[in-house]
Structures are given as C-alpha cells and as structure tokens.
Amino acid sequence: MASVELQNIEKHYAGYHALRDINLTIEDGEFAVMVGPSGCGKSTLLKTIAGLESISSGRLLIKNRDVTAEEPGDRGIAMVFQSYALYPHMTVAENMGFGLRMAKRPKAEIETAVTRAAAILRLEEQLDKRPRQLSGGQRQRVAIGRAITRSPDVFLFDEPLSNLDAALRTQMRVELSTLHARLGATMIYVTHDQVEAMTMASRIVVLNKGQIEQVGAPLVLYNNPVNRFVAGFLGAPRMNFVEGIVRTADGRGAVIECAGGMSVAFSDLASPVHAGDHVTVGIRPEKLRIDNIRSGTTFPAEVRLIEHLGRETIVYADAGSLSTSNSDSGTGAFTIQIGDIVPFRPGAPLVLGFDVHDAYLFSTDGRTVSAPKTVTGL
Amino acid sequence: MYPRPIPATAPARRGLYIGLVSLVLLLWLLPLFTVMVTSLRSFEEVMAGNYWGWPKSFNLIENYTAVFTQTAMAHYFVNSLVITLPSVVGVLVLSTLTGYVLSRHRFPGANLIFALFVGGNFLPAQIMMIPVRDLMVELGLYDTYAALIIFHVAFQTGFATLFMRNFIAALPDELFQAARSEGASPGQTLVHVVLPLVRPALAALAILTFTFVWNDYFWAIVLTQSDAVKPVTAGLSNLRGEYVSAWNLVSAATVIVAVPPVLMFFLMQRHFIAGLTVGAVKG
C-alpha cells in the first residue's frame, strides 16, 4: 500500500517555478529524506504535502486517497518545524494535546495520548513546564511529541535538527531513527545536511532547482549517482571534479585529457562520449592517494592547508593549472581524505594519485557515464 | 547614548540642568497642583481671590461629598461608564478580528480595506461633525448613549486595526502553520493561539481607547443634548454657573473625573508582560 504518492506536482510562485513535475511514491513505513541545496524546493515540497502550500497542478494521494484539495488538518499528517513552533503560553502537556483538543476528543483519550508520547520521548518530568523553561533538545522533543499524539499516517519533518548543537544533533538523529523503528510510521524528512540524509534515510530524494535528481537508498546514491549534481552533493568532504576534454573515443572507451597534461583512460562506458566533448572526471577525497609509488594516474601538487581530525586528516592541495570545481575549500584545491595522521606542513610538495577504477566520468550534460564497479546496491 | 550623565565635577552645568528640569516640571505640574489645591478650598476663600496662597481651611470631605450631593456628577459619571466601557469592548473585539484577518489571510481587496482603515485616521474627525450629527438624527439615535458608542467604536477601530494587525503580523508564522496542520480552524487559532499572545497589545489598546473615549468632549456636546445621557466631560462644563461658579467644586469634580483613566492604567499594567512569545521558536 502506497502511503504518499505525488503525481506530476507543479508549483509556481509569482513568476517562479518552485516545483517541476514531481513524481514520487513513498511507501508505507518508509523513512524518506529529501535533500538539496537551499532554494531547491525541498521545504516547499514538504509544505505542499502538508497542505500549507497549495499546488499549481498535479495530484497528491495519501493512503490512496486524493487529498489535493483537503485542509492540512484532514490529511492525516503531522508536521515538526525547524523552529519547533511551540505555543509559548501552553504547558508541554497542553502543547502536545492541542491537536486532539481542537478535534474535541474526550479528555481521557487526550490524556492517554499525551502520557504515551511523553513516555516515548522521556518528557514525563516536563509535562507541566512551559516551552521557555526547556532546553533546545527538549523543545524539539515536545514538537515531535505533539506530532505523535495525533497518531498521524505520515510524519513530516522540516529540518528539525538544524537549530540544535552538534552533539545534540547526533543524539536526536539516533532517537529519530529509533522512533521510526518503534512507530513504524511513514516519515518524510527534509534536510540540507547530507550526513542526516545518509544516516537516517531508507531512501534519499535529491532535489535541485525544483526537480528530483535521483531517488534511492543512501549507498546506491553514494556509489552510483546518476549525474554530476548528485555525486557532488552527497559525500563529505565533497567529490573532486576535474574538467577535461575527450581526446579519443571508441564506443565503450575514452581517453580524457585534463589541464596540466594529465590524461585518464576510461573503459566500459555506460554510454558513448565523442572526441572533443567537455567532460568531468570525479574522484572522491577518500580515493585520492598521496602517492609515492606513482601507480595509476598521478599528478604533482602542493599542500595548501591541513586539517587534523584525529582519526583522519583532510589535506587541501593545489595542483597548478589542474583544479577542481567542487572544492570544499572553495579555491580549486583538491581535497584528500586520509584515514591516518600525516605529518605535512603547508607548502610541502606532494604527488597525488588515483586509480581509474575509483574515478567517475560525467558527460557534457552532467550524466554519469562511468562509475566505479566495486560496490553496488544496498 | 543620550542623555549622557553630567559629571559631578561640572557643578555649573549640573546646576543649570537641574534648574531647567525643575522649571519644566513646575510649568507642567502647576495647573494640576492648583486644581488639586483649589478642590480643598472653601467657596468663600475662592471668592475672596485666594487662588495661589496656602488654603485657610481644608475642606476635603465637604467639597468631595458636595460634588456627589449638590451636583449631578454621579449621574454623569455613570453615563460616562455606560458609554466608555462598551466602546472599549467594541473596539477591542472588532480590531482583533480585523487585525487577525488582515495580517493572516490573503484575499482580494485586503490591501484596500487596510488602506481605508489607516487612511481614515488621517481625516480630522471634526470635519464630520455635521454629517455625523445629521446621520444620528436620521437614525433616531441623536441624544442617546448609542450615538456616542457607535461613533467612538467606528472611529477608534481604524487606528486599533492598524495596531492589532501589526502586532499579530509580528507573531511567528510557524505558530499559525502548526495550528493549521494540527487541524485548528481559523476561529480556534484566534481563540487559542492569537488571543493569549496579544494580551499586552490588547491591554495597551484598552488604555488608549478608554482614555480617549472618557476624555472626549467634542463629540459629547455634538451628539448629546440632555443631561440624561451627558458624559462627565460635558457635565463638568455644566457645573459652571451663569453668574458665579463654585470653582472649588468644579476642581473637586475634575479630580474625580481624572481618576478612572489612571485606575485603568494600573488595572491593565499587569498584562504588560515582555517576551510573551519566548520559547515559541528557536532556542
């Protein structure tokens, strides 16, 4: 049974095309995470599902029922907001029971629902407090509790963790995953944080400029991105992109020449490229090696900056005219992630290298034409 | 930051500052003080021309009792309450409703309606003296409580709407989205979410409206004629005799008339709670 079904959804604001032909089915009990850069339409899409924003055309089905024209309160959804949106003049218990009170449910039923939600979220002690007396994490739990009491078919989360500090965010991430397992409800979660997406989602929906780029399990998207955008968006630190030109191409294989005379030979392409095409070679920071034996493709570079994280080291290195267009440092420097402590200082010369089997190739229009074969589907 | 404190090492400037402040305070408070002192004097003393000197006798109880026994002030007082209280309630109710709708609901013509409410404030009310009086006569309301109540509600609601609209518009959007997604109707949202949060605004508005309506003299004499419905402001001028006025009683009555707005302020003060929305959004 499909829980949420979006059919050809379009949304126009005054002169602005916010959502373009969105088709998506979210199965019952799924934890779907929508990610994308700011302004990609992910929050708009969530508000459309909630009914807080109207849609310009298309259909929305929840539990196989067309709810396109229904009020948010009648859709069987509950929404958790980034800013918590608690009613400041009500106690925690009153906040959590608000929806049921508005629906004029009997007092006993409201109390049972509130007690149950409070127990799940460990808020029993806070029921008589007001939101201003709570910490950020507790407020967010109240907001989630408010959603639970209504026993909705679908939970909608709009960047619920982005106002919390890093430690609390990690903890709430685990709590939300646990909650999902426990309630077995359908959850749709919007975030710009790809770590949240990778860790919590049963399926990730990557959005860009109001369109769905790719839908799939986290590791499928990580290993087999359909295009350059998805490849560059998922993964932290981000994938290095090197622009190049196809020098020779023969059906299944191609030789790419990049700046500084580096050439990379791909074989077994998913779709053909042609000589003269402008293409992009992608290589993840953890697959880039600091190479002394000069195997595979190598090129000289110089350390610009080094970040020691303890169990791993991030090195940013400049490679002359060879530069990456997706750099975390925003400078064109390559990002190298090493699972070890390395003793470099800024200015030190390096030789960087990678194996062509670990590299991605994206065509002129950004489609993935070659991806590493090692891991597939999970 | 102004005003900057004047250092103790500059005695001349300090002296000048304190002198000027005292002068302004004196000018400001002298009439008020004189009215209060006059309300304690005897009729003979006022007739003898002792306006500024120390009172020869203190007639506090006599004068203030006389206001209620020898004049119709008690009756005017009741009239004022009958006119002011419903006006205040009417203004608060209407402006909360209009403010809520204009700040939270988009519909065609909303801006025009809002512009009319705001624009109406720029018209000097006096230019409508004759039309409003004629209208009330036509409606058969001239010289009734209703005439003043309707007029005051109609004319105060414009400003009050602007006030409430801006206050409600400043509440966090997410609260309204949350209420809506929880199935609260617009009416339920108004009662359960908006009203508790705009209490300070309503209290401030209540004081403003109360004071304005209570102190109104112009419309009181334009729209009423008989003593039966006259409010205190118009009644006060009735106390002046044709040939001689008991200024001590007029002063005492004036002091009494000034009490309700002050009382109103203290009553409403406990609703001025800063930061009522703390805890609603973010951390």
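How are α5(B) and α7(B) oriented to each other? They are oblique to each other, since angles under 35 degrees count as roughly parallel, over 145 as roughly antiparallel, 65 to 115 as roughly perpendicular and the rest as oblique. This is a predicted model, in which local features need pLDDT of at least 70, side-chain atom pairs count only at pLDDT 80 or more, and totals for chains, interfaces and linings use all residues. Residues are numbered from 1 along each chain as its sequence is written, and chains are lettered from A and ligands numbered from 1 in the order in which they are written.

**Helix packing in chain B**
- Helix α5 (residues 110-120) of chain B packs against helix α7 (residues 145-169) of chain B at an angle of about 125 degrees, and their axes are 7 Å apart. Axes are lines fitted to C-alpha atoms, for helices over the stretch in contact, and angles run from 0 to 180 degrees between N-to-C directions.
- On α5(B), B:F114, B:F117, B:V118 and B:G120 meet B:G158, B:T161, B:L162 and B:R165 of α7(B).

**Contact between the chains**
- Chain B places 22 residues in contact with 26 residues of chain A; two residues are in contact if their C-beta atoms, placed from the backbone, lie within 7 Å.
- α8(B) gives the most to the side of chain B that touches chain A, with six residues.

**Domains of chain B**
- The domain assignment gives domain 1 (11-68) and domain 2 (73-269) of chain B.
- The centres of these domains, taken over C-alpha atoms, are separated by 33 Å.
- Their contact takes 13 residues from domain 1 of chain B and 12 residues from domain 2 of chain B.

Note on methods:
Helices (H or I, at least four residues) and strands (E, at least two) are DSSP runs, numbered from the N terminus. Domain bounds come from an automatic or database domain assignment.
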